[in-house]
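Hi everyone, thanks for coming. I'd like to walk you through one model today, so please have a look at the screen.

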Amino acid sequence: MSAVNEIIEKLKTLSLLEASELVSQIEETFGVDASAPAGGAVMMAAMPAEAAAVVEEKTTFDVILEEIPADKKVAVYKVVRSIANIAVNQVKEYTATLPKALKEGLSKEEAETAKQQLEEAGAKVKIA
């Protein structure tokens with residue numbers, strides 16, 4: 001999560017009193033006036049729209065196979081075959097160039113399950 005997203009998430013949890021104190025401290029620290037018609041007010045007015053954009057939750061996920069340790073290839077290949085639904089003779093070629101999206105457009109639960117299976121077999125995996 002980026003620093004901006006972390007700040008936005010924290011801002012969402014503030015009470016009105018805390019938000020008012022935050023505005024006062026920002027005004028003091030940066031020498032701005034949040035009630036001024038230009039500059040600071042525009043920034044403050046834009047924040048709720050940006051926060052709303054961040055709230056949109058991701059609904060589909062991709063399982064990215066990043067690395068297969070040499071000593072774990074056989075175990076990982078078996079899991080890759082099952083997840084990608086490919087033939088035994090295609091697995092080596094399929095995994096020749098990594099990182100690779102192994103499965104795309106999955107629900108969060110499906111992606112987590114696939115990731116867990118691959119990690120248990122020894123692969124390095126991420127969900128995007």
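I'll talk about confidence, then a pair of helices, then a few spots along the backbone.

First, please keep in mind that this is a predicted model. The chain averages a pLDDT of 80, and 82% of the residues score at least 70. Where is confidence lowest, and where is it highest? The lowest is helix α3, residues 40-55, with a mean of 50, while α6 has the highest, at 92.

Now for the helix pair. Two packed helices are described by the angle between their axes and the distance between the axes. Here, helix α4, residues 73-84, packs against helix α6, residues 108-121, at an angle of about 160 degrees, and their axes are 8 Å apart. Angles over 145 count as roughly antiparallel, so α4 is roughly antiparallel to α6. The crossing of α4 past α6 is right-handed. Which residues make the contact? From α4 we have Ala 75, Val 76, Val 79, Val 80 and Ile 83; from α6, Ala 114, Gln 117, Leu 118 and Ala 121. By type, the contact of α4 with α6 has 8 nonpolar residues, 1 polar and no charged.

Just after α2 comes Gly 31, with a positive phi of about 65 degrees.

Asn 85 also has a positive phi, about 55 degrees, although it is not a glycine. You'll find Asn 85 in the loop between α4 and α5.

Last stop: the peptide bond joining Leu 98 and Pro 99 is cis, with omega at about 5 degrees. Pro 99 lies in the loop between α5 and β2. Thanks, everyone!

Notes
Residues are numbered from 1 along each chain as its sequence is written. This is a predicted model: local features need pLDDT of at least 70, side-chain atom pairs count only at pLDDT 80 or more; totals for chains, interfaces and linings use all residues. Side-chain values use heavy atoms; hydrogens and water are left out. Axes are lines fitted to C-alpha atoms, for helices over the stretch in contact, and angles run from 0 to 180 degrees between N-to-C directions. Helices (H or I, at least four residues) and strands (E, at least two) are DSSP runs, numbered from the N terminus. Angles under 35 degrees count as roughly parallel, over 145 as roughly antiparallel, 65 to 115 as roughly perpendicular and the rest as oblique. A crossing is left-handed if the near helix is turned anticlockwise from the far one by less than a right angle, and right-handed if clockwise. Contact means heavy atoms within 4.5 Å. Ala, Val, Leu, Ile, Met, Phe, Trp, Tyr, Cys and Pro count as nonpolar, Asp, Glu, Lys and Arg as charged, and the others, Gly among them, as polar. pLDDT is the predictor's confidence in each residue, from 0 to 100.
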